[in-house]
Amino acid sequence: MHSLNLVVHDNIPLFKCSYCGKCFGFLESTSYLKIKMRGCCWYFPKYKLIDIKNILNIGREDFIKEIANLTNSKIEKYHIEVLGYFDDEKYNKLKPQVKDFDSTLFFKLCPFFDKNGCRLDFTLRPHPCNLYLCREVIEACGLEYESYNRERKDYFAYCNYYNDLLAKELQNNKINLIDNFDDSIKLLKQVHIPKFDFRRLREIQIKFENEIAV
Ligand code: SF4
Ligand code: SF4
C-alpha cells in the first residue's frame, strides 16, 4: 500500500507520494532515454520570483547564486530556468503520437535528476515540481484527491498573485534579474509577503489496481 501526504516547510509544500520513483509503465514516466526510471522528471525547472523568494527566506541565497551561474541556466527578467537534456535527434526519428500528452517529454531529463532521483531537497525546487502528480496516481487516490486538488489550485493562485506583485516591485525600482541581479536579490530579500495558510490534509492510502512496482 502506498500513501500521499502533504508536507510543508516554511511556505514550501510537497505532495509526498511514496510511489514516486517506483513507477514503471505510466504514461508520464515513459522514457526513451538511457535512464528509464526517471518518473516524470522531464521538467526543466523554472524558478519564478515566488520560488526565489521562498528559497531566500530559508536562507539559501547561495543556491540561487549557484543556479544563476550554471552554464545551462537561462536568466530572464523575472525568472531563472535551468535547462535539461533533450534528445531531439531521437525524437525527430521516432516522433511517437500520443493523444492529450506532449510526447517530446519522453525524450527529456531534468538536470537535477541523478540515478538516485532528484538530488535537490524539496525546499530548493520550483513549486510545480513539488505539487505535480501524474494521472495514474490521481486516479488511484479516488475522490479523496479532491482536497489535495483544491490545496494545489489555491497555492498556485497564491504563487501567481505574489509572483506578479514581486515583479511589480522590481519594475517600480527599475531593476530585473538580467541587468541588476544582485540588487534584485537584495530587494526580494527585503520585501515582505504573507505566508500561505495551508490546510491540514489527511493522508491518502493509494491502491493501484494492477500495481507494477520495481
Ligand atoms: S507523479 Fe507519477 S509519474 Fe511522476 S514520479 Fe510520481 S508516480 Fe511517477
Ligand atoms: S527538480 Fe527534482 S523533482 Fe523537479 S523535475 Fe528536476 S529532478 Fe524532478
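I will start with how the model is to be read and then take the parts in turn.

This is a predicted model: local features need pLDDT of at least 70, side-chain atom pairs count only at pLDDT 80 or more, and totals for chains, interfaces and linings use all residues. Residues are numbered from 1 along each chain as its sequence is written, and chains are lettered from A and ligands numbered from 1 in the order in which they are written.

Some terms for the secondary structure. Helices (H or I, at least four residues) and strands (E, at least two) are DSSP runs, numbered from the N terminus. Two strands count as paired if DSSP finds at least two bridges between them.

The first topic is the sheet with β1. Three strands, in the order β2-β1-β10, make up an open sheet with antiparallel pairing. At its edges are β2, residues 12–17, and β10, residues 204–206, and each of these pairs on one side only. From one strand to the next the twist averages 25°; for angles, axes are lines fitted to C-alpha atoms, for helices over the stretch in contact, and angles run from 0 to 180 degrees between N-to-C directions. Strand β1, residues 2–9, is joined to β2 by six bridges, and the two run antiparallel. Within that pair, Val 7 stands opposite Leu 14 in β2. Across β1, β2 and β10 lies α6, running at about 30° to β1. Contact here is between two residues whose C-beta atoms, placed from the backbone, lie within 7 Å.

Now the other sheet. It is also open, has three strands in the order β3-β5-β4, and its pairing is antiparallel. β3 (46–48) and β4 (73–75) are at the edges with a single partner strand each, so one side of each has no neighbour in the sheet. Direction ignored, neighbouring strands of this sheet are turned by 15° against each other on average.

β3 pairs with β5, residues 79–82, over three bridges in the antiparallel sense. Tyr 47 stands opposite Ile 80 in β5. On the β4 side, three bridges join β4 to β5, again antiparallel, and Ile 75 has Ile 80 as its bridge partner in β5. β4 and β5 form a hairpin, with three residues between them.

Which strands does α1 lie across? Helix α1, residues 49–57, lies across β3 and β5, at about 80° to β3. The buried residues of α1 include Asp 51, Lys 53 and Asn 54. After α1 comes Gly 59, with a positive phi near 80°.

Leaving aside neighbours within four places in sequence, Ile 52 is in contact with Tyr 47, Ile 64 and Leu 188.

That brings us to the cores. A nonpolar core is a set of buried Ala, Val, Leu, Ile, Met, Phe, Trp, Tyr and Cys residues joined through C-beta atoms within 7 Å. The largest has 15 residues, and Leu 49, Ile 52 and Leu 166 have the most contacts inside it. At least two residues of this core come from each of α1, α2 (61–68) and α6 (145–172). Apart from it lies another core, of 14 residues, among them Cys 20, Ala 140, Cys 141 and Ile 206.

For contrast, Lys 195 lies in the loop between α7 (181–190) and β10. Lys 195 is exposed, because it has 11 other C-beta atoms within 10 Å.

Last, the ligands. A residue is near a molecule if its C-beta atom, placed from the backbone, lies within 6 Å of it. Around ligand 1 there are 14 residues, of which Cys 20, Cys 23, Gly 39, Cys 40 and Cys 134 come nearest. By class, this shell has nine nonpolar, three polar and two charged residues; Ala, Val, Leu, Ile, Met, Phe, Trp, Tyr, Cys and Pro count as nonpolar, Asp, Glu, Lys and Arg as charged, and the others, Gly among them, as polar.

The residues around ligand 2 include Cys 41, Cys 110, Cys 118, Cys 129 and Arg 125. That shell divides into nine nonpolar, no polar and one charged.

Key: Buried ≥ 20, exposed ≤ 12 C-beta atoms within 10 Å, placed from the backbone.
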